[in-house]
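Please consult the sequence and the structure shown below while reading.

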Amino acid sequence: MAKKKSVDPLMDKIVSLCKRRGFVFQSSEIYGGLGSCWDYGPLGVELKNNIKRSWWEAMTHRRDDIEGVDAAILMHPDVWVASGHVEGFTDPLVDCKQCNHRFRADDLNADKCPDCGGELTMPRMFNLMFKTFMGPVEDESSVVYMRPETAQGIYVNFHNVLQPSRQKLPFGIAQIGKAFRNEITPGNFIFRTREFEQMEMQYFVRPDEDQKWFDYWKEQRWDWYLELGIKKEKLRWHEHGIDELAHYAKTAFDIEYEFSFGWKEIEGIHNRTDFDLSKHAEKSGKDMRYFDQEKNEKYLPYIIETSAGADRTTLVVLADAFHEEEVRGEQRTVLKFAPNIAPINAAVFPLVKKEGMPEVAEKIYHDLKKHYKVLYDDGGAVGRRYRRMDEAGTPYCITVDGQTLEDDTVTVRERDSMEQTRHKIAELVELIGERLK
Ligand code: ATP
């Protein structure tokens, strides 16, 4: 079959840069790849880790009211019965009778195949959970699911976390972890994949205070994207209408980002009411209520959920940072990451590989390495090294030159403005630290 012509040149450029510079590769590439699974390379893993760290710091370390957990991916199958996923975590699937392509019926605007105009089958419901078997016997009784969301690992641990942490309402539980969905139409690189990471926080509140905390978390989550350096004009809110609301939600707002392929959800903020805790109480027979000492009353708290994807946020950060510019008649590609989430914080170069410059540069590199993620590079012309670092999104390049040997100063080149300023070697650790704040 002829390869379809790409209609998204910007995404093509991002995918190709990601491969060239070692951000993201196709999974099992030497075998032809595996549908919508991706591997993070040396720069990609640093970037994604920095995004996750930024989320974790904002959602746990900087606060007193949120605890962290790391629950298992495999959970008791009853969890997914109680949560409604076994029954209802489905998408309507249609096939084209002519070219056999598959689509989500709710993604289509017409009743014909968008690829060939062929006739479509009637929609049938398709459960998105991956199934596997626990133990040696592969029968119905040994079925377990790969979790399709991290949230349930938080709900079932509500009392386990509440007791040792001695938190009182309102308080939250945060988690970062893998989730799996057998998506019918994955795609757009790491936007929609079958294996991905979520960053979720569940905030337990008094039922009559749900609206107040919902509004609070909307504001907090919006501000986090601005903190990551995302352009404000590329973000917007989308409120779920009655027909869009998930079975558990009373109110839901998505934060959307304007990708080259349109405005798309990057995070959902949901008022899940007491749906989850009441379902788990019912199914497990355990009392999931909270004892409110002030009110001298037991009740099920309401839950405000903030649910973001680490991979999707990584794509937002890449797309937002991607720039092509003309500099003195030459094209430069640069990733303008916020300095504190850049995979490499600074690079150190000797201008030439002689006259003692490499020794001085190596010493600077080793000193900086104790504090930051730094790279040493002495290969090729310095201009080429700057370009490589522009494509890696490295905010600062430090160059040791002839003058360094005379007065212990180096040049520091700033990625976006390309301006170079001279600084004392002894001041570098502090200088980079200041700029990374
Ligand atoms: P969509 O409508 O795009 O399928 P959803 O409404 O099902 O998403 P949620 O269940 O609310 O998504 O998941 C919360 C977040 O998890 C999403 O905002 C997204 O960032 C991330 N996410 C969900 N599904 C995927 C996926 N298949 N690949 C990558 N990230 C995902």
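## Basis of the description

The model is predicted: local features are reported only at pLDDT of at least 70 and side-chain atom pairs only at pLDDT 80 or more, while totals for chains, interfaces and linings use all residues. Residues are numbered from 1 along each chain as its sequence is written.

## The chain as a whole

The chain contains 13 helices and 23 strands; helices (H or I, at least four residues) and strands (E, at least two) are DSSP runs numbered from the N terminus. Along the principal axes, the C-alpha atoms fill a box of roughly 75 × 65 × 50 Å.

Of the 437 residues, 35% are buried. A residue is called buried if 20 or more other C-beta atoms lie within 10 Å of its own, exposed if 12 or fewer do, and partly exposed in between, with C-beta atoms placed from the backbone. Among contacts with a separation of 6 or more, 63% join residues 24 or more positions apart; a contact requires that the two C-beta atoms, placed from the backbone, lie within 7 Å.

The chain is divided into domain 1 (9–75 + 151–318) and domain 2 (344–436), with bounds that come from an automatic or database domain assignment. The C-alpha centres of domain 1 and domain 2 are 37 Å apart.

## Helix α7

Helix α7 covers residues 210–227, 18 residues in all. From first to last C-alpha, α7 reaches 26 Å, close to the 26 Å expected at 1.5 Å a residue, where the expected span is 1.5 Å times one less than the number of residues.

The buried residues of α7 are Asp210, Trp213, Phe214, Trp217, Arg221, Trp224 and Tyr225. They cover an arc of only 110 degrees around the axis, and therefore lie on the same side of α7; the arc is that of the directions from the helix axis to the C-beta atoms. An α-helix has 3.6 residues a turn, so residues three or four places apart point the same way.

The buried residues of α7 pack against α2 (42–61), β10, β11 (235–239), β12 (251–259), β13 and β16. On the face turned away from the buried side, α7 carries the exposed residues Glu219, Asp223 and Leu226. After α7 comes Gly229, with a positive phi near 95 degrees.

## Backbone geometry in loops

Most residues other than glycine have a negative phi, and most peptide bonds are trans. The following table lists departures from that pattern.

| Site | Backbone value | Location |
|---|---|---|
| Arg166 | phi of about 55 degrees | loop between α6 and β9 |
| Asn296 | phi of about 55 degrees | loop between β14 (290–292) and β15 (297–299) |
| Leu169 to Pro170 | cis, omega near -5 degrees | Pro170: loop between α6 (158–165) and β9 (171–180) |

Arg166 counts as exposed because 7 C-beta neighbours lie inside 10 Å. Asn296 is also exposed, with 7 other C-beta atoms within 10 Å.

## Two further residues

Leu43 lies in helix α2 and is buried because 21 other C-beta atoms lie within 10 Å. Leaving aside neighbours within four places in sequence, Leu43 is in contact with Arg21, Gly22, Phe23, Pro343 and Ala392. Leu43 and Ile344 are 301 residues apart in sequence and 7.7 Å apart in space, C-alpha to C-alpha.

Val143 lies in strand β8 (residues 143–146) and is partly exposed, with 15 other C-beta atoms within 10 Å. Beyond neighbours within four places in sequence, Val143 is in contact with Pro77, Lys131 and Phe133. Val143 and Ser83, 60 residues apart in sequence, are 16 Å apart in space, C-alpha to C-alpha.
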